[in-house]
Amino acid sequence: MQLVRFLVALLVTTALTILASMHAPFGSRLPAVGPFFSPFGGFWQNGEHVGKYTDEKFDLPGLNAPAEVVFDERGVPHVFASSMEDLCYLQGYLVARDRLWQMDISVRATAGRLAEVMGERVLARDRIQRRKGLLTAAERALELWEGQPEEWSLIQAYTAGVNDYISNLPAAKYPIEFKLLGYEPEPWTPLHTAVIFKSMAETLSARHEDLQATYTRQLVGDSLFQFLYPERNPDQSPIIPESVNWDFEPVPVSQPRADQPASETMMSQQMPHLPLPQPPPFIGSNNWAVAGSKTASGHPILCNDPHLTLTLPSIWYEMQLQAPGINTYGVALPGVPGLLIGFNENVAWGETNVGQDVMDWYRVDWTDRSRDAYRWGTQTKPVEKVVEVIQVRGREEPVLDTVRYTEWGPVVYEDPEHPYYDLAMHWLAMHPTDQRDFFELGTFFRLMKAEGLPDYLEALKGFENPAQNFAFASKDGDIAITVNGKLPLKNKPQGRFVQDGSDPAKAWGGFIPHEHLPRVINPERGFIASANQRSTGPDYPYYYNGYFDDYRGRYLNRRLEEMDQVRVEDLQALQLDNYSLEAEEGATLLLQLLDSTDTELRTHPAVQQLREWDFRFEADAEAPTLYERWMEAAFRQTFDELPSDGEEAKKTLYPETWRFLALLRDTPDHGLFDHQETETVENARDIVRQALEGILTEDYEPQAWNDYSAPFIAHLGRIPAFARNDLPVGGFHNALNAINGGKGPSWRMVVELGDTPNAFGVYPGGPSGNPGSPFYDNTVDDWANGEYHPLYLMESPADERVAPLYQFNLEPTE
């Protein structure tokens, strides 16, 4: 059936391919249509069917000893090797076999190398990526890795596995995307792995609002800005319970000079720059662990579901890895050795994003228009110039772009006419780091082998960026969570606005000591939990700013507090929970305000349906759609004096949802609700009524939430025929099941840690990156239906709990 679907999809794509060959949307012509449809080397060679999978025995040059790989009925590999080096070698080989184009294009996208294969159309994007310095940051990381023998040997083994697969791959078997774009895979290097790591940092720790906040504060004035954009939601329920005492003496942070107030002086003119493309706003995750005192079995249970952009192929690669001293199961990031989320016989671990702001922007004070030197306190410093060489498909000569580096970092924004507006980026992922015993890869290798709490605590010492909330549980009964990473020492409100780059005192004051990072072990309440909310209560002695959830964390803590005698299936249901605390508060408030008016809409059938709604964003429910439309309309009408479209809107920071609801609730007569162009003085009740009147017109037709929200899983290369747009799912970005358009739970895992792990998981994809494979999207429907698969930590290749679909018996090449 998958092969039939693949061929039908290719017929749909044929017209697009021919058109692309004629009109060159990527800046150069795509490959000739004839070779693409050739039965000998074209897309026909990419079709697969289940019957083709048979046991195989072959040699591999990078193996040191015999090994076996068992593929279960879902195509998931269970790898059995005799050493960590062989294990990583086989991981690299298998991931390349299934995800080669994904690995290649991910490196190109991060390093600013898309134009090499896609031409002029993506040149501007490549220039921005080069200016952000991601390739330079990866090169710096690689130099440090090379100095750590244990990690370096495993990276080299992984690299060798990838390249041994590539070297034996005939052109006819190239993944279809290589054929569509007319290029071939390049050899893998450890630098590619470092770039993938920086890609993860870019996704999870590059969010910033300095430019938008600076522009908006200029637009509305400092007083109104501080009123509309407070840094802390007083209703938040933090990750670390507020009952935790901070039993350490905080490191002092240098204070601003007396003549320079902590609140950055407002810039005299509007910033002309558009903010860089941001990571998706609904990137987040949930994780939690429940102690045995609250479970029916008496064993702890750990859960994790990272919320990311959903793609095919999936962002994750599911597998088991076993060698002497290690037996672990979980998900890997293609291009990176090891497992980032998973479990073994003794422990389980999972991560959510911390969300603290670790990217700040500084206005460069040039000495003259040549931009060769800048002011740094009483000194003048020369820039370091790096010439980025960008190869562009269709051009005979490369594009050269000179990037200027300062003490802060690269000058990303340059205005040729107005040097006053040039901005340098100070980002943790670019920040120099010291050689240490192990790095981020070492953290995951140690977690994969961990036997208990001490191993977890030791493993986290090597992880710096992107900061993550590491949840942990062990069969010994321990649970813990650590807000872990290299987090800067800041003065309030450092990092909220564009800062004066001529003042060295604006620099971070160092970093929070590792032993002072927020952590809780075996809390009295019997659970730990995070959903991207604030790390701590207001008594934590270090200042931090960032981007935090306001609803999922509160709801998660509320539900876990209520639960007792918890079972695995209860926590699976919690991961799938479509209830929204935002809707509970928001819909109730909108209806209360509406009921204080005399509008006839109070008895409209749609409003009656909303009154009866249980605040769950189920796929076939109509009330969620009305709620979302009503909220959006009321929000727009309230802040109608802020730019709503065009470039000005992209520069604008809008108040958060919780702040808008607080305005409706606490200050319904505030002048913000008044439309200045009308004679009437409007209030919150008028805004709510008018917003609803604009929706419930005579031609209003109710719409199911699934139809309105239109969830989808895009192909990584945005090829429509290889995507999934038929997802019958509910969910909401402010529900635990945080499905929102093309974003949502990318891997759901629940692990009960008894004598043997009782584990379940599912993700929206499949092992293969080949759209013609039955394992391309074979678990999407299960994921959409809320089903889970048992995750068997096989004891050996002969473990009878898994019926092998096929297996590899591998020998070293003599």
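User: What area do domain 1 and domain 2 bury between them, and what share of it is on carbon and sulfur atoms?

Analyst: Buried area is the accessible area (1.4 Å probe) that two parts lose on being put together, summed over both. In this structure, domain 1 and domain 2 bury about 2200 Å² between them, with 62% of it on carbon and sulfur atoms. Please keep in mind that this is a predicted model, in which local features need pLDDT of at least 70 and side-chain atom pairs count only at pLDDT 80 or more, while totals for chains, interfaces and linings use all residues. Residues are numbered from 1 along each chain as its sequence is written, and side-chain values use heavy atoms, with hydrogens and water left out.

User: Where do the two domains lie along the protein chain?

Analyst: Domain bounds come from an automatic or database domain assignment, and here domain 1 covers 205-294 + 342-574, whereas domain 2 covers 581-709. The C-alpha centres of domain 1 and domain 2 are 32 Å apart. Domain 1 gives 28 residues to the contact and domain 2 gives 24 residues, where contact means heavy atoms within 4.5 Å.

User: How many salt bridges and polar contacts are there between domain 1 and domain 2?

Analyst: A salt bridge is a side-chain nitrogen of Lys or Arg within 4 Å of a carboxyl oxygen of Asp or Glu, and there are 2 salt bridges between domain 1 and domain 2. For polar contacts the rule finds 6 residue pairs across this interface, both residues being at pLDDT 80 or more; such a contact is a pair of N or O atoms within 3.5 Å, and within protein one must be able to donate a hydrogen and the other to accept it, while residues adjacent in sequence count only if both atoms are side-chain atoms.

User: Which elements give two or more residues to the side of domain 1 that touches domain 2?

Analyst: They are α10 (210-220), α11 (222-228) and α14 (552-562), named from DSSP runs numbered from the N terminus, with helices (H or I) of at least four residues and strands (E) of at least two. The largest share of that side, 7 residues, comes from α10.

User: Which peptide bonds are cis, and where is a positive phi found?

Analyst: Most residues other than glycine have a negative phi, and most peptide bonds are trans. The cis bonds here include the one from L312 to P313, with omega near -5 degrees, and the one from K492 to P493, with omega near 0 degrees. P313 is in the loop between β6 (311-312) and β7 (317-323), while P493 lies in the loop between β19 (479-484) and β20 (499-500). F615, a residue other than glycine, has a positive phi near 70 degrees, and its place is the loop between α17 (605-611) and α18 (623-638).
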